[in-house]
Number of protein chains: 2
Amino acid sequence: MASTEKVSPRDRLLDAAARLSYRDGVSVGIEALCRAAGVSKRSMYQLFDSKDAMLAASLEQRVPRFEAQLAHPDPESATPRERILYVFERLTAAAADADYHGCPYLAVLVELKDPEHPASTVARGAKEGMAARFRAEAAKGGARDPELLARQLLLIFDGASARAGAGVERLEDGLVTTTVNLLLDAAGMA
Amino acid sequence: MASTEKVSPRDRLLDAAARLSYRDGVSVGIEALCRAAGVSKRSMYQLFDSKDAMLAASLEQRVPRFEAQLAHPDPESATPRERILYVFERLTAAAADADYHGCPYLAVLVELKDPEHPASTVARGAKEGMAARFRAEAAKGGARDPELLARQLLLIFDGASARAGAGVERLEDGLVTTTVNLLLDAAGMA
């Protein structure tokens, strides 16, 4: 359509890398990525130093969207407990999707098994961002040990997302919010 | 050594498939597997229909060892609570190993993203075996809702093993047993 702005080859590659690596795994081939993006391999290597660099950039680009999806829509009026629970309500909703394959950042770390890979660095950053937000909410909500509570919440988030993504758990009955409420109560959260 | 029994090509392939797929991921190449096993590709295809079938068989073969590692050494004298906690003590010890990459069965499911793959079927069976044992212990220990408790324990097990394997969590300070004790208490376990 003449009125829409053209998507650049770089953005098409980043989108293809994020979509296909999430659906098929990080071992998805360069040919498949270039074909999906409608970009030649030659052009790809002019834009990115390597497939690894492209994968890392594609994950990095999606971090703001990932964080926005888990952020309470009315953060000012919500309590810290409500803002934490919202993350798990969103997880429960996302996991019901047939195309759900778990947290993309944890999946990349599990698949790559290489802490030095540039995509692993991005993924660790995304998970550390989650930990920092949980710690901040836990502190605001008066948790006795915000650091401990944040780590427990991430055990639940990553356990639930990995298990639901792997097809060995279903979250619709509220498993995750039930368990999180229990942890919030035990931590003395308001 | 003349006195040791010779390991068959089949067993060498199964061992290589289990070791290398755990270390490097399920996309490890057939060449690398055959080289590590000291078996020709031709021989491999006489023994297994496909790499997928070999991977599934290698995971299946290790299930009894996986289960034995998590089984309390003195099950008769231990209480159900102690037998559950033992699983998480073993997880904590295993996760301290530099070569730890998480639960091999969850990792295979996360990596393959294909419920129809023969290795996914084996992996789901191993995870369902864990769920069944947790449910049985929860029932014996008087948990109000053994099914719920078993599912919560698996969120912790898989969340902790995936996060420790991915290098974004460390378990040595007792994070997992602290959290599991909290869940056992909340469930009314003796």
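I looked up how the copies relate: a rotation of 180° with 0.0 Å of shift along its axis superposes chain B on chain A, RMSD 0.0 Å (least squares on the C-alpha atoms of residues with pLDDT of at least 70 in both). The two copies are thus related as by a two-fold rotation axis.

I noted that this is a predicted model, where local features need pLDDT of at least 70, side-chain atom pairs count only at pLDDT 80 or more, and totals for chains, interfaces and linings use all residues. Residues are numbered from 1 along each chain as its sequence is written, and chains are lettered from A and ligands numbered from 1 in the order in which they are written.

I then looked for the residue of chain B closest to the rotation axis and found B:Gly159, with its C-alpha at 1.7 Å.

Next I took the interface. I find 34 residues of chain B in contact with 34 residues of chain A (C-beta atoms, placed from the backbone, within 7 Å). On the chain B side, at least two residues each come from α1 (9–24), α6 (104–112), α7 (118–140), α8 (146–165) and α9 (175–186) (helices are DSSP runs of H or I, at least four residues, numbered from the N terminus). α8(B) gives the largest share, eleven residues. I sorted this side into 15 nonpolar, nine polar and ten charged residues (Ala, Val, Leu, Ile, Met, Phe, Trp, Tyr, Cys and Pro count as nonpolar, Asp, Glu, Lys and Arg as charged, the others, Gly among them, as polar).

Note on methods. Two residues are in contact if their C-beta atoms, placed from the backbone, lie within 7 Å.
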